[in-house]
Amino acid sequence: MPATKPRVRFPEQAAAGEIIEIKALITHVMETGNRKDAEGQPIPRNIIHTFTAHYDGDLIFTAELGSGISANPFLSFFFRVPGPGELWVSWKDDEGGETVERYPLNVV
Amino acid sequence: MNARSILTPPKPARDRLVDRREVLAGAGVLAFVISGARGARAETGAGRAAVIADPPPLVPTAQFQDAFQKIVGSGTPIEGRLVLELPEDAENGNIVPYKISAESPMTEADHIQRIHLLSTQNPQASVATFHLTTLSGKAAVSGRMRLAKTQEVVAVAVTSDNALLVARQVVAVGIGGCGVD
């Protein structure tokens, strides 16, 4: 099952130099690879293994995730806003899926 | 290798567990006692009371010990500067909120490079690795993790001058996560 419904929250406006919290949530099964199906066959692992956040091409934050992260992974992290720009967030899973979202920031 | 020596100095670990013994006994979660305790119980014949009076350490998995050793190498992790927040009791091991933070100016000269989140009892010891940058502004990250059973969770941070910061928290788990029985 691919990742769906990415939701990213951050303040509606921020001043240059301000540190803001960014919260990112996505719907994903985060199948651990530890479980077996009804026939006793192992269910292959399918997790979001990498989350990244960039701002105008510069890396802010990376999370390498393992199967010990809950389904529908939620992450909160911080960002010192350098000025006007665009936030890019990306989730990559074991099935090769990548979800990318872009958000302009309202910098006052 | 002595499992306790790399993970936790014996005294603090024991203090933490002793502090929690009434809670643990009350919750009826003593089922997690490990082989050392079973041995002690058999020898003394004192049963449950003896176990409660002197709770055993939670022996970390070999995978945890390997992962921890790889991160720490020959360095000595510093206690106290890294803060790991988790509930002491997690009813549902599938969704356990965690928060990891450290005081840091997050400048080029002085910042937290990365933070490792490790489980001592899950099937996979490495839960997450967070890479921070000077754009992070603040060394804090939070999310939700799975815990297969009652255990100690360990966070290790690496600073820009390669100092190691460590924090630990024992979490009593009701229903285990991770999709294992």
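**Contacts between the chains.** I looked up how chain B meets chain A and found 32 residues of chain B in contact with 30 residues of chain A. I keep in mind that this is a predicted model.

**Buried area.** The size of an interface is often given as the accessible area lost when the parts come together, and I looked that up next. Chain B and chain A bury about 2,400 Å² between them. Carbon and sulfur atoms give 48% of that area. I then asked which three residues of chain B supply more than any other three. They are B:L135, B:R144 and B:R146, with 30% of the area that chain B buries against chain A.

**Polar links.** I searched the interface of chain B and chain A for salt bridges, and the rule finds zero. For polar contact, the rule finds 22 residue pairs across this interface, with both residues at pLDDT 80 or more.

**Elements on the chain B side.** I noted that β4 (96-102), β6 (126-132) and β7 (139-145) of chain B each supply at least two residues of the side that touches chain A. β6(B) gives the most, with seven residues. I sorted the residues of this side of chain B by kind: 16 are nonpolar, 13 polar and three charged.

Definitions and conventions: Residues numbered from 1 in each chain as written. Chains lettered and ligands numbered in written order. Predicted model: local features only at pLDDT ≥ 70, side-chain atom pairs only at ≥ 80, totals over all residues. Heavy atoms only, no water. Contact = heavy atoms within 4.5 Å. Buried area = accessible area lost by both parts, 1.4 Å probe. Salt bridge = Lys/Arg side-chain N within 4 Å of Asp/Glu carboxyl O. Polar contact = N/O pair within 3.5 Å; in protein donor to acceptor, adjacent residues only side chain to side chain. Helix = DSSP H or I, 4+ residues; strand = E, 2+ residues; numbered from the N terminus. Nonpolar A, V, L, I, M, F, W, Y, C, P; charged D, E, K, R; others polar.
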